[in-house]
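Welcome! Please take a look at the sequence and the 3D structure below before reading on.

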Amino acid sequence: MAVYFLVKGKQRIKGRIMINGAKNSAVALLPAALLTEETVKIENLPQITDIDKLLDIMRALGASVSSPGDHSLCIDGANVNNYSPPGMLVNQLRASYYLMGSLLGRFGRVEIPMPGGCDLGPRPIDQHIKGFSAMGARVEMEHGLIKVLAKKLRGAHIYLDVVSVGATINIMLAAVKAEGKTIIENAAREPEIVDVANFLNAMGAQVRGAGTDVIKIQGVKKLYAVEHSVIPDRIEAGTFMIAAAATGGDVIVEGVIPKHLEPVTAKLKEVGVEVESGPDYLRVIGRENLSPCDVKTFPYPGFPTDLQPHMMVLLVKAPGISLVTENVFERRFCHIDELRKMGAQITLEGRTAIIEGGRELSSAPLQAMDLRGGAAFIIAALMAVGDTIINDVKYIDRGYERIEERFLEVGVNVQRIEELD
Ligand code: UD1
């Protein structure tokens, strides 16, 4: 079945939207739930295909999953007795790497293939491995399988060579039940890391310093049942904020933590968009005359790489030259060729995209190639003259819950079309 979006051009976003739970928290919280034999309840989970796949893997390991409500799940890991997640499923999503930390923490061993995920250039996991090894685990690569074995995990002092969200969380997961104290230096500071630390602490762990670049974890013997609600998704919120800015619209994103969106808010103001901030909402009022600006992606609290494609689309509208530099992922520029098809003037020099803004986009058939780039195409299509088709929406469904319905909530028509091949 071919599934694509048909997007009518020249539509303005207008209205309010309640933001869902954060994908990047949720995909770590679920594996973290396996660190206890007791039942864990997680609320405010987004309904996205990455979560579906992760749950399939956890069920295959022996976990029981029930759903007391639309966006909540109970996970009972008492019968998990398998430390070897099925390769076919693991290959389909990046976040399956969190099962390394959680299964290692629970059983002292895990055997897992290299995780899949969006193609954003090389995505090594050497820092995860370095952390596990420092804690006394033996790591072997055999026939494409990563085998990690530790008779006893011991706390260690780990300095990360690169600031990595995945490695920071994975080491935290392995360390919470290790013997003694683990210190992660040069840790990533993303809000999702704080959410995972809060979850683990509510289970009885002792994690201090999450949200700073030094995280200290004192190992405990046992973790317990917990109820937790996932923090709001700053990337989903940023998507609608940028969409409002790009379409000259007016949107209120509700249920957000405005602090998490400061890097985005600052850039929107710089291009001349009005942003009002409330205790748990942000309002973005688009303007017709935008100014160009330079954007550099960095780990949090820098501008998020996950909103780089969206921001690039917005800057296509701003007359003048804007520079977008991607510092987190080497090759996160797949969207440029597709935007060029729509008439965008973008050239790439190394890690910097040079955007000659101020041109009107026109519709063209687009191919989504990764999650965030795919979502940015919807914004481009809303700005363009004519109707745009976006193919391979499966990438977008990985991380946005029924995005076409969400766009409908803010008054624009994005049609999901399913055709038999
Ligand atoms: C996570 C997010 C992703 C986001 C990214 C950066 C999840 C599931 N995904 O991805 O949405 O775009 O953070 O904010 O939360 N690196 C190494 N060695 C390692 C680990 C990472 O060299 O062992 C490099 C990566 O190649 C990349 C950089 O470090 O260049 C940052 O990657 P990392 O923060 O680990 O990203 P992910 O956890 O994969």
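This is a predicted model: local features need pLDDT of at least 70, side-chain atom pairs count only at pLDDT 80 or more; totals for chains, interfaces and linings use all residues.

Residues are numbered from 1 along each chain as its sequence is written, and side-chain values use heavy atoms, leaving out hydrogens and water.

Let's start with the whole protein. It has 14 helices and 23 strands, counted as DSSP runs (helices H or I, at least four residues; strands E, at least two). Its radius of gyration, taken over C-alpha atoms, is 21 Å, close to the 22 Å that the globule rule gives for 421 residues, so the protein is as compact as a globular protein of that length. That rule is 2.2 Å times the number of residues to the power 0.38. The C-alpha atoms fill a box of roughly 60 × 45 × 45 Å along the principal axes.

Of the 421 residues, 57% count as buried, meaning under 20% relative accessible area (1.4 Å probe, protein chains only).

| Residue | Relative accessible area |
|---|---|
| Cys 74 | 17% |
| Cys 293 | 4% |

How many disulfides does a search of the whole structure find? The search finds zero, a disulfide being a pair of cysteine sulfur atoms within 2.5 Å.

Finally, contacts (heavy atoms within 4.5 Å): among those between residues at least 6 apart in sequence, 73% join residues at least 24 apart.

Methods. Buried means under 20% relative accessible area, exposed over 50%, partly exposed in between (1.4 Å probe, protein chains only).
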